[in-house]
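Me: I would like to learn how to read the packing of helices in a model. Could you take me through one, step by step?

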Amino acid sequence: MFVNALFLALSEIRRNLMRSVLTMIGIVIGIASVIAMVNIGKGASASVTESVSKLGSRSLFIVPGQSKGMGGQSTTATPFELKDIEVLKNTIFSLEAVSGVENTTLTVLYADKNYHTGIRGVENDYLVIQDWQIEMGRAFEKSELRSGLSVCIVGKTVTNKLFDTGINPIGKKIRLEHFSCEAIGVLKEKGANTFGMDQDDAVLVPLKMFQRRISGSNTIHTIMSSVKKGIPLEEATIQIRRIMREQRSLSKEDEDDFSIFTMQALLSTISGITQMLTVMLGFVAAISLVVGGIGIMNIMLVSVTERTREIGIRLAIGATADDILTQFLIESIVLSALGGIIGIIVGLMISWGVSHVMDIAFIVDSLTISVALVVSMAIGILFGFVPARKAAEKNPIEALRYE
Amino acid sequence: MISLEHLGKSYGVGEIKTEVLKDINLHIEKGEFVAIMGPSGSGKSTLMNIIGCLDRPSTGKYFFEEIAIDQLNSDQRALFRRYKLGFVFQGYNLLKKTSAIENVEMPLVYQGISAKKRHSLAYEALKSVGLEAYLERDPSQLSGGQQQRVAIARAIVTNPSLLLADEPTGNLDTKKSHEIMMLLSDFHTKGSTIIMVTHEEEMAQYASRIIHLRDGEVERIEDVR
Ligand SMILES: Nc1ncnc2c1ncn2[C@@H]1O[C@H](COP(=O)(O)OP(=O)(O)OP(=O)(O)O)[C@@H](O)[C@H]1O
Ligand SMILES: [Mg+2]
């Protein structure tokens, strides 16, 4: 009986193909958006986690001023100086590497080519913190760092823009607006970071040189550091805080005039936002599923009325009320499950497309797929029940007389 | 086989109460071919629906082979129809957009008979009504007479104990009507019991007994031949 009802449902759907397809659309959209969202969300967070572990899950940033978020530090807070970095290096053994970082943007020139890029004054420790390898040439030498010689390490994007293929950038003199520096190394390609910024679009110069020739002062606006393996970031944070308060001679009552960020805290904020977004979008998807379910109920009610005579014939021939109920219930379940299957396929296609465009991992979450299938069938049962019961409750004589 | 005792059927209550059937007492033996005649509104269809377990009497008793049909609930009546009865209606009542053979197979589906056996039984039934060349035809592609023959095939495919036909020739011309009556007679001579409602004296002559109804009462019973 069940198999027959299944065949019956399929042939009934085929008989009213256009209507069935339109009925399914609500479910298709609902399921497709759920599948796409969950898969894209999982892909994005997998990519985030991957880049966190790659780029300093153990790194700490110290910036002057107190602010609630990144980038909003007050201008009145005094910046750091080189001696702060020296003290951190010499007193906190839990730190693996410490480097001051200064940033600006300049137009760089070589031969007849020019390119606007980020210039970063750093020390060699910066490469350790960022886990950044040198592909060609070498890092800075102690003497270059100490005296601030005009040398630079160039990011991949910049070399591609300035040098024709086949030209070895090492030893070439690059002009940074009003002075020139010798390229001593080329950084290995890193790609876009978690926020979608091209990390290879940068030129690294010795911090001393940056201070002397670009900023013209000995201030430092960011200190980056990485914590040794096995030591909790919190412990390092406490130590840094104590030293920095001493360095900046803050009294007991004074609040911190600097902030310490961890990459992880930042990312957990982001993933929190992503999660909230997923929940909200999931809510929207749930609404569209309900709307889809109501669509199915509506069509099934119409169908039951239209097929009153058929119901009468079936009852006369020996169908019980349960047989009729099963028939219509299975029809609505098949309808919504088909919608669910199409929705899963569409959703996977969308998430594949998005993962391609956004360059995140394409993850097929089998649990979500099975849940989506079950949910779509449950919608068929839920919203198919009322019409099916209406069909089953029909009086055979009246149904047979129906025109 | 069938025994109706003081059977009554009324619609509505109080002032608007109408008695459609009054104190019907009838006995129909196994193997009989009974025709029911009477003017329009005399309660023929109502009586047929009660005998066919599609409706329940308001009063009185209905026994079918010792089964008290008036005591059955709707599921039990459905099962009774499924295994014991066959119906032929005036308006054919075939399923639309469903082939002749699928229509004939339908009662067997509810009996839970396997697809293969279903197909061969339905084929035999359609052959016995002369439609073996029209198996895959949709009802809309068949003439009225052919549709009624499909309906007869559907009614006899389960080999029912009782075949009920409510004006089976009502929509057909005389020649087609006689063809249909021949098929019913055939089925009757093979040992089945048939109850048929008709308006036409000519068609009633195929029966062995004619029950005349008037205003919901049995007016007279006439033996043919
Ligand atoms: N559901 C109902 N409610 C009220 N009255 C009804 C109902 N069904 C039938 N009747 C009445 O019962 C009477 C008998 O109806 P029935 O259909 O049995 O007549 P019939 O003998 O079959 O007539 P016809 O030859 O026209 O088919 C009619 O007067 C009809 O109006
Ligand atoms: Mg009638």
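This is a predicted model: local features need pLDDT of at least 70, side-chain atom pairs count only at pLDDT 80 or more; totals for chains, interfaces and linings use all residues.

Reply: The axes of helix H9 (residues 263–306) of chain A and helix H12 (residues 366–392) of chain A come within 9 Å and cross at roughly 30°. Since angles under 35 degrees count as roughly parallel, H9(A) is therefore roughly parallel to H12(A). The crossing of H9(A) past H12(A) is right-handed.

Me: Which residues of H9(A) meet H12(A)?

Reply: On the H9(A) side they include Leu289(A), Gly293(A), Met297(A), Met300(A) and Val304(A), and among their counterparts in H12(A) are Val375(A), Ile379(A), Phe383(A) and Pro387(A).

Me: At what angle do H9(A) and H11(A) pack?

Reply: H9(A) packs against helix H11 (residues 321–358) of chain A at an angle of about 140°, with the axes 11 Å apart, and this crossing is right-handed. Met300(A) and Val304(A) are among the H9(A) residues that meet H11(A), where the partners include Phe328(A) and Leu335(A).

Me: How are H1(A) and H11(A) oriented to each other, oblique or parallel?

Reply: The axes of helix H1 (residues 2–15) of chain A and H11(A) lie 9 Å apart at an angle of about 60°, and the two helices are therefore oblique to each other. Their contact brings residues including Phe2(A), Leu6(A) and Ile13(A) of H1(A) to residues of H11(A), among them Ile330(A), Val334(A) and Leu338(A).

Me: Which residues make the nonpolar surface patch?

Reply: Leu17(A), Met18(A), Val21(A), Leu22(A), Ile25(A) and Ile29(A) make a patch of about 590 Å², and Leu17(A) belongs to helix H2 (residues 17–54) of chain A.

Terms used: Residues are numbered from 1 along each chain as its sequence is written. Chains are lettered from A and ligands numbered from 1 in the order in which they are written. Side-chain values use heavy atoms; hydrogens and water are left out. Patches are made of residues with over 30% relative accessible area and no salt bridge: like charges are joined within 9 Å, nonpolar side chains (Val, Leu, Ile, Met, Phe, Trp, Tyr) within 5 Å. Accessible areas come from the Shrake-Rupley method with a 1.4 Å probe; for residues, only the protein chains shown count as cover. A salt bridge is a side-chain nitrogen of Lys or Arg within 4 Å of a carboxyl oxygen of Asp or Glu. Helices (H or I, at least four residues) and strands (E, at least two) are DSSP runs, numbered from the N terminus. Axes are lines fitted to C-alpha atoms, for helices over the stretch in contact, and angles run from 0 to 180 degrees between N-to-C directions. Angles under 35 degrees count as roughly parallel, over 145 as roughly antiparallel, 65 to 115 as roughly perpendicular and the rest as oblique. A crossing is left-handed if the near helix is turned anticlockwise from the far one by less than a right angle, and right-handed if clockwise. Contact means heavy atoms within 4.5 Å.
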